[in-house]
Amino acid sequence: MTTNFEPRIYVACLAAYNSGYLHGAWIDATEGVSEMQDQVNSMLTASPIAGAEEYAIHDYEDFGGAFISEYAGLADVCETATFLAEHGPLAAVTLKAAFGNLSEARSMLERYAGCYISVAAFAEECAEQWYEIPEQLAYYIDYEAMARSLQLGGEIEVVTEGFEEVHIFWGQ
């Protein structure tokens, strides 16, 4: 998984595109809205089509799986990019789990409990922290069942990212 995010967008001049030219620029999406707008304006000014005014986002990279619309506002793009740059891979996990909803991803981040090899491992850790379990009883505890109960009861939300990479979030 990528550890550092450097989100950027490719902004294309629509007047040039509609006239058969590929003209655009890659822009760092974490620079701030006014800096991004200045770069868009410079790209439009340099267009092979005089008086070009309209642009669209034709490509983007390093947004951690978040979807960026062709006509997304620069403020929204910048906000998502900054979130990813500030919080790294976990931000990408929350954005995917929240289907790109940034406010939900922020909420999930606040409820983050950790990354475990399984939900049962999380349940075992919680049981050991919350209770003093006699050694002779420890072998009889069904942590898989505890994990299912935590999930079904809404106490936790689980996002599986890969092999033995389970992110746990406390329920709302």
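What follows is a set of questions on the fold, the surface and some single residues.

Me: What kind of model is this, and how are its residues numbered?
Reply: Side-chain values use heavy atoms, with hydrogens and water left out, and residues are numbered from 1 along each chain as its sequence is written. The model is predicted: local features need pLDDT of at least 70, side-chain atom pairs count only at pLDDT 80 or more, and totals for chains, interfaces and linings use all residues.

Me: How many helices and strands does the protein chain have, and in what pattern?
Reply: Helices (H or I, at least four residues) and strands (E, at least two) are DSSP runs, numbered from the N terminus. The protein chain has eight helices and six strands. Along the sequence their pattern is β-α-β-α-β-α-α-α-β-α-α-α-β-β.

Me: What share of the residues is buried?
Reply: Buried means under 20% relative accessible area, exposed over 50%, and partly exposed in between (1.4 Å probe, protein chains only). Of the 172 residues in the protein chain, the buried ones make up 36%.

Me: How far apart are the mean positions of the positive and negative charges?
Reply: Lys and Arg count as positive and Asp and Glu as negative, while His and the chain ends are not counted. Each charge is placed at NZ of Lys, CZ of Arg, CG of Asp or CD of Glu. The protein chain has 5 positive and 28 negative charges, and their mean positions are apart by 4 Å.

Me: How many aromatic pairs are there, and why is Tyr-60 with Phe-63 edge-to-face?
Reply: Rings of Phe, Tyr and Trp (its six-membered ring) pair if their centres lie within 6.5 Å; planes under 30 degrees apart count as stacked, over 60 as edge-to-face and the rest as tilted. By this rule there are six aromatic pairs. The ring centres of Tyr-60 and Phe-63 are 5.8 Å apart and the planes stand at 90 degrees, so this pair is edge-to-face.

Me: Is Phe-63 buried or exposed?
Reply: Tyr-60 is partly exposed at 27% relative accessibility. Phe-63 has 2%, so Phe-63 counts as buried.

Me: Which residues does Thr-80 contact, beyond its neighbours within four places in sequence?
Reply: Thr-80 lies in helix α3 and is buried, with a relative accessible area of 10%. Contact means heavy atoms within 4.5 Å. With those neighbours left aside, Thr-80 is in contact with Phe-63, Ala-66, Leu-95 and Leu-102.

Me: What is the phi of Asp-62?
Reply: Asp-62 sits in the loop between β3 (55–61) and α3 (74–87), and is partly exposed at 27%. Although Asp-62 is not a glycine, its phi is positive, at about 65 degrees.

Me: Where does Glu-164 lie?
Reply: Glu-164 is not a glycine, yet has a positive phi of about 55 degrees. At 44% relative accessibility Glu-164 is partly exposed. Its place is the loop between β5 (156–162) and β6 (165–170).
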